[in-house]
Every structure is written in structure tokens, then in C-alpha cells.
Amino acid sequence: VCPGADALEEALAELERLRAGFDFETDGAVVKLNDYTLREQAGFTAKAPRWAMAYKYAAEQAATRLNDIVIQVGRTGALTPVAHLEPVVVAGTTISRAPLHNEEELRRKDIRVGDTVLIEKAGEVIPSVVRVLTEERTGAETTFEFPRTCPECGTPAVRTAVADSDSGAVWRCPNLNCPAQIRGRLEHWCSRGAMDLDGTGSVL
């Protein structure tokens, strides 16, 4: 129980020190008003109580080597670059791959094969390349050339804008018979959010 803002900050700092020794993963704390009268005064939003809030700690980060960049073709035909990393433990799990989103992201962060990169688990879930540690460069790093053809079926890729996004354009394979797209559509159709078929999954 914290009588004021200063005590609350101290409690959150103490929890951050202690959480590394827990037997389970945590990414933050929940702060609540104890006084029920104050809870009634604070009320609710359409989705959550105003008398309780989630406090998130800064995501854990680690440095590792980016060994390769591989293009992954999704069910919509989007060509997504994926970083293949030297395995490193972040927030309790071993990370060996991270999505790089699109060509603009690669250029904006100047990500090269062979770079030492700083990664974190965005929202403690999705691995993310935060930035390149340019001070670690040796000169042996190579710029990744984004392919202009689909790596699965060889069809020339087309560049399409992303609606309601500032992340630029995405290269796509327009071939609806592309094996990668067919696999992706089938997996999506079987998934919990669609037909919810138990016992199905991808086998590599």
C-alpha cells in the first residue's frame, strides 16, 4: 500500500529489482485505488476501470549478430524480410528470428547482414530489432538487396501502398497460385480465428 506518488514510484522500482528472481515472467505491475469511495468517483471507461492502471517496465534488450536476412512470403503475397539471428536469451526465451517488416524498415535502420543489432521483445511477445550497433561494424557487413521476384514461385513482385500506415509500401507476389500463399491461406482457414480445426498445423 502506497500513501502517495513518491511511495508508489519506490514500490515500482523495488518490484523491478525483485522480478528478475521470480519463477515466472512479468512485464509490469497493476496500480489500483484501495478506497472504494475513490473507485466510485474515478469510474470506468467503456473498456476498463479508471481506478486501475497497468504500469509497463522497459522491455529487456540484448545484443546479437544478424547472420542473414530471408524473405518470407505470406498468405496475402507480402514479401517480408526476416532477420536470422545468433540465438540470444531475451526476457526468458531464446530468440533466433525477428521480422523486419519491409524494405523501408531495412533502409531506415540501415540494417546489414553481419551487423550487431539490439533486439527486444515488443510488448514482451514479438521479437523486434531496435537498432544497429554501428560502433561494432568491421566493414565486412553487406547491404541486403531486396528481391524483385517472389522467392517461392519466381513471379515478378509488385509494389503496393499500405492503407492507413506510415510504414511505406510493401512488395507482393501477385500470383494467387504461389505455393507460399496457398499454404498460408490453408493455415489461416484452419486456424482458431477461422474454422478452428483441431489437430492441424504446418510441418516444415
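Tutor: Start with a term. The radius of gyration is taken over C-alpha atoms, and the globule rule is 2.2 Å times the number of residues to the power 0.38. Keep in mind that this is a predicted model.

Student: What radius of gyration does the chain have, and what would a compact globule of 204 residues have?

Tutor: The chain has 22 Å, but a compact globule of 204 residues would have a value near 17 Å. The C-alpha atoms fill a box of roughly 65 × 50 × 35 Å along the principal axes.

Student: Why is Asn34 called exposed?

Tutor: Exposed means over 50% relative accessible area. Asn34 has 52%, so Asn34 is exposed.

Student: Where does Asn34 lie?

Tutor: Asn34 sits in the loop between strand S1 (28–32) and helix H2 (36–42). In total, the chain has four helices and 11 strands.

Student: What makes a residue a contact of Asn34, and which residues does Asn34 touch?

Tutor: Contact means heavy atoms within 4.5 Å. Leaving out residues up to four places away in sequence, Asn34 touches Val1 and Arg39.

Student: How far apart are Asn34 and Gln181 in space?

Tutor: Their C-alpha atoms are 52 Å apart, and 147 residues separate Asn34 and Gln181 in sequence.

Student: What share of the chain counts as buried?

Tutor: Buried means under 20% relative accessible area. Of the 204 residues, 29% count as buried.

Student: Which side chains count as positive, and how many does the chain have?

Tutor: Lys and Arg count as positive. The chain has 23 positive and 30 negative side chains, and the centres of the two sets lie 6 Å apart.

Conventions: Residues are numbered from 1 along each chain as its sequence is written. This is a predicted model: local features need pLDDT of at least 70, side-chain atom pairs count only at pLDDT 80 or more; totals for chains, interfaces and linings use all residues. Side-chain values use heavy atoms; hydrogens and water are left out. Helices (H or I, at least four residues) and strands (E, at least two) are DSSP runs, numbered from the N terminus. Buried means under 20% relative accessible area, exposed over 50%, partly exposed in between (1.4 Å probe, protein chains only). The place of a charge is taken as NZ of Lys, CZ of Arg, CG of Asp or CD of Glu.
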